[in-house]
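Subject: Structure handover

Hello,

Here is the structure I promised to pass on. Please open it first, then read my notes below.

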Amino acid sequence: MDDMDEQYASLSNLASLFQEWHRQQPQDYASCHAGMSLADLASVLIHVDLFSTHYPLNWTASAGQSFLSMDVLQQMSFDGTALEETPLYRTVDKILIPVFENVLEQYNVHSLHQTKSMTTYFQEMSKLLPGNN
């Protein structure tokens, strides 16, 4: 990640590039399914975040803490975009849920700490889904 261009090294910077693209060329943005591409590009950053500071078995929510900076992706759902093509939907569907499923294999049901972490992770992830926030 150290040799990555700074404008691609954070989710907010990456999202800003896509927002500017949508603002300047909305038809082009829509025709090439840019929201889905943003989620795919962001997946590297999200995976790094998941396995460094937001690992589901060790995660606790703090007051005011944004879950994986997902508020950035929530803002990227433009009017008229199909839900399945929004960056947030694709991120939850293609990254967060599979990670959650993989972590379940390591989950120790007798661990109070892991149970609290998994519950908090799932609650925060659920808030990202339409109709749950």
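Helices here are DSSP runs of H or I with at least four residues, strands are runs of E with at least two, and both are numbered from the N terminus. The model is predicted, so local features need pLDDT of at least 70 and side-chain atom pairs count only at pLDDT 80 or more, while totals for chains, interfaces and linings use all residues. Residues are numbered from 1 along each chain as its sequence is written, and side-chain values use heavy atoms, with hydrogens and water left out.

**Overall**

The chain has 6 helices and 0 strands. Along the sequence the pattern reads α-α-α-α-α-α. Of the 133 residues, 37% count as buried (under 20% relative accessible area; exposed is over 50%, partly exposed is in between; 1.4 Å probe, protein chains only). Take the contacts (heavy atoms within 4.5 Å) between residues at least 6 apart in sequence: 64% of them join residues at least 24 apart.

**Aromatic rings**

A pair of aromatic rings is described by the distance of the centres and the angle of the planes. Rings of Phe, Tyr and Trp (its six-membered ring) pair if their centres lie within 6.5 Å; planes under 30 degrees apart are stacked, over 60 edge-to-face, and the rest tilted. The whole structure holds 2 aromatic pairs. F18 and W21 make a tilted pair, because their centres are 5.6 Å apart and their planes stand at 55°. These two residues are 3 apart in helix α1 (residues 11-24), so about one helical turn separates them. F18 is buried at 8% relative accessibility, whereas W21 is partly exposed at 25%. W21 also pairs with Y29, edge-to-face, at 5.4 Å between centres and 75° between planes. Y29 is buried, with 5% relative accessible area.

**The core**

A nonpolar core is a set of buried Ala, Val, Leu, Ile, Met, Phe, Trp, Tyr and Cys residues joined through side-chain atoms within 4.5 Å. The largest one has 21 residues, and L14, F18, I46, L50, L96 and Y121 touch the most other members. Two or more residues each come from α1, α3 (34-52), α5 and α6 (112-127). Helix α5 gives the largest share, 7 residues.

L14 lies in helix α1 and is buried at 2% relative accessible area. Beyond its neighbours within four places in sequence, L14 is in contact with Q7, Y8, L38, L41, A42 and L45. L14 and L45 are 31 residues apart in sequence, yet 9.9 Å apart in space, C-alpha to C-alpha.

**Helix α5**

Helix α5 (residues 87-104) has 18 residues. The expected span is 1.5 Å times one less than the number of residues.

Q114 lies in helix α6 and is buried at 18% relative accessible area. Its side chain reaches the backbone nitrogen of N108 at 2.8 Å.

Best wishes

Technical notes
A polar contact is a pair of N or O atoms within 3.5 Å; within protein, one must be able to donate a hydrogen and the other to accept it, and residues adjacent in sequence count only if both atoms are side-chain atoms.
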